[in-house]
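Dear colleague,

I am passing on the structure we spoke about, and below it you will find my notes on what turned up in it. Please read them with the structure open beside you.

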Amino acid sequence: MSSSRSPGKSHSKDDHHLLSAKTQDKVFLRNSAGDRPKSPASPDKLPLSPPPARADPANAGKIILREPARRDGYPVNQLVALCPPLDKNSTYCNLLQCTDFSSTGVVAELDGRLVAFTSGYIPPAQPDALFIWQVAVHSDYRDQGLGKKMIRHLLERKSCASVQYLRTTITKSNRPSWGLFQSLAKTLNSEILSQVYFDSERHFGGEHESEYMVVVGPLKR
Ligand SMILES: CC(C)(COP(=O)(O)OP(=O)(O)OC[C@H]1O[C@@H](n2cnc3c(N)ncnc32)[C@H](O)[C@@H]1OP(=O)(O)O)[C@@H](O)C(=O)NCCC(=O)NCCS
């Protein structure tokens, strides 16, 4: 999962071994300074996703999950900017996510406003895996199960019928992201393993935290 830059840290021997979910919990405990902070309500405006030609009044006030479309690229770019520590990609990149990779992406829309987005793809060398690139939930809509719902929605798609593993990368400090994937592993009755994949010094020139490759699976759904 791409996230923002932070001072580099040297890699430890953890880097070379897969961590079990239990070990990962210990990593958390070492890094946590107290209770989980509540997501702050945000005054930021929600990106407007132009409504479809025939909006369904039956969906008024409901959060709808659907495949992204070309018109969502720019609102997605605005939403990601409101969701630190995610890296902001170019609008062009988001447009490609919403077109070429739409079958493995989800937007969550409420009355024409884009409240959450998940991008992903099936890696060409791993057709049995779904790589989750970014998950962004607007701060006003967090802690309601939306992040988890979007990924479970993707797993139900025909395009993901062959998926046996969820993959993503997470920095050690991104507690919400670890929380999300640990929760998914539990719900899907699957193992969760992780190891450093993109190292702070070796791959980010010390300008970004190391990214751990996290693998959940084999999936039981
Ligand atoms: C991470 C993020 C997508 C989670 O979205 P969300 O809709 O609030 O998550 P959900 O409500 O679906 O929660 C799923 C699980 O993650 C856990 N979780 C959510 N936020 C958490 C936090 N701040 N700390 C620890 N665990 C957290 C929840 O407890 C839940 O576990 P449970 O099912 O056992 O109760 C959201 O916080 C976000 O957009 N953050 C900013 C961008 C980011 O870091 N993206 C990377 C995401 S993988």
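In this predicted model, the largest nonpolar core holds 39 residues, and the members that touch the most others in it are Ala-136, Phe-181 and Val-216. The element that gives the most to this core is strand S4, which supplies six residues. In soluble globular proteins, nonpolar side chains tend to be buried together. If you start from Ala-136 and leave aside its neighbours within four places in sequence, you will find it in contact with Leu-79, Val-80, Cys-83, Leu-86, Ala-116 and Phe-117. Over the protein chain as a whole, which has 221 residues, 33% count as buried.

The seven strands form an open sheet with mixed pairing, in the order S1-S2-S3-S4-S5-S7-S6. Strand S1 (63-66) and strand S6 (191-198) stand at the edges, and because each has a single partner strand, one side of each is left without a neighbour in the sheet. From one strand to the next, the twist averages 25 degrees.

Within the sheet, strand S2 (residues 106-110) and strand S3 (residues 113-121) run antiparallel and are joined by five bridges, and here Val-106 stands opposite Thr-118 in S3. Helix H2 (residues 73-81) lies across S3 and strand S4 (129-137), and runs at about 95 degrees to S3. As for contacts in the protein chain between residues at least 6 apart in sequence, 71% of them join residues at least 24 apart.

The model also contains a ligand, and which residues come nearest to it? Of the 22 residues around the ligand, these are Arg-142, Gly-147, Pro-176, Gly-179 and Ser-183. The elements that give two or more residues to this shell are S4, helix H4 (146-156) and helix H5 (175-187), and it is H5 that provides the largest share, six residues. Sorted by class, the shell around the ligand has ten nonpolar, seven polar and five charged residues.

With kind regards

How values were computed:
Residues numbered from 1 in each chain as written. Predicted model: local features only at pLDDT ≥ 70, side-chain atom pairs only at ≥ 80, totals over all residues. Pairing = 2+ DSSP bridges. Helix = DSSP H or I, 4+ residues; strand = E, 2+ residues; numbered from the N terminus. Axes fitted to C-alpha atoms, helices over the stretch in contact; angles between N-to-C directions. Contact = placed C-beta atoms within 7 Å. Core = buried A, V, L, I, M, F, W, Y, C linked by C-beta atoms within 7 Å. Buried ≥ 20, exposed ≤ 12 C-beta atoms within 10 Å, placed from the backbone. Near = placed C-beta within 6 Å. Nonpolar A, V, L, I, M, F, W, Y, C, P; charged D, E, K, R; others polar.
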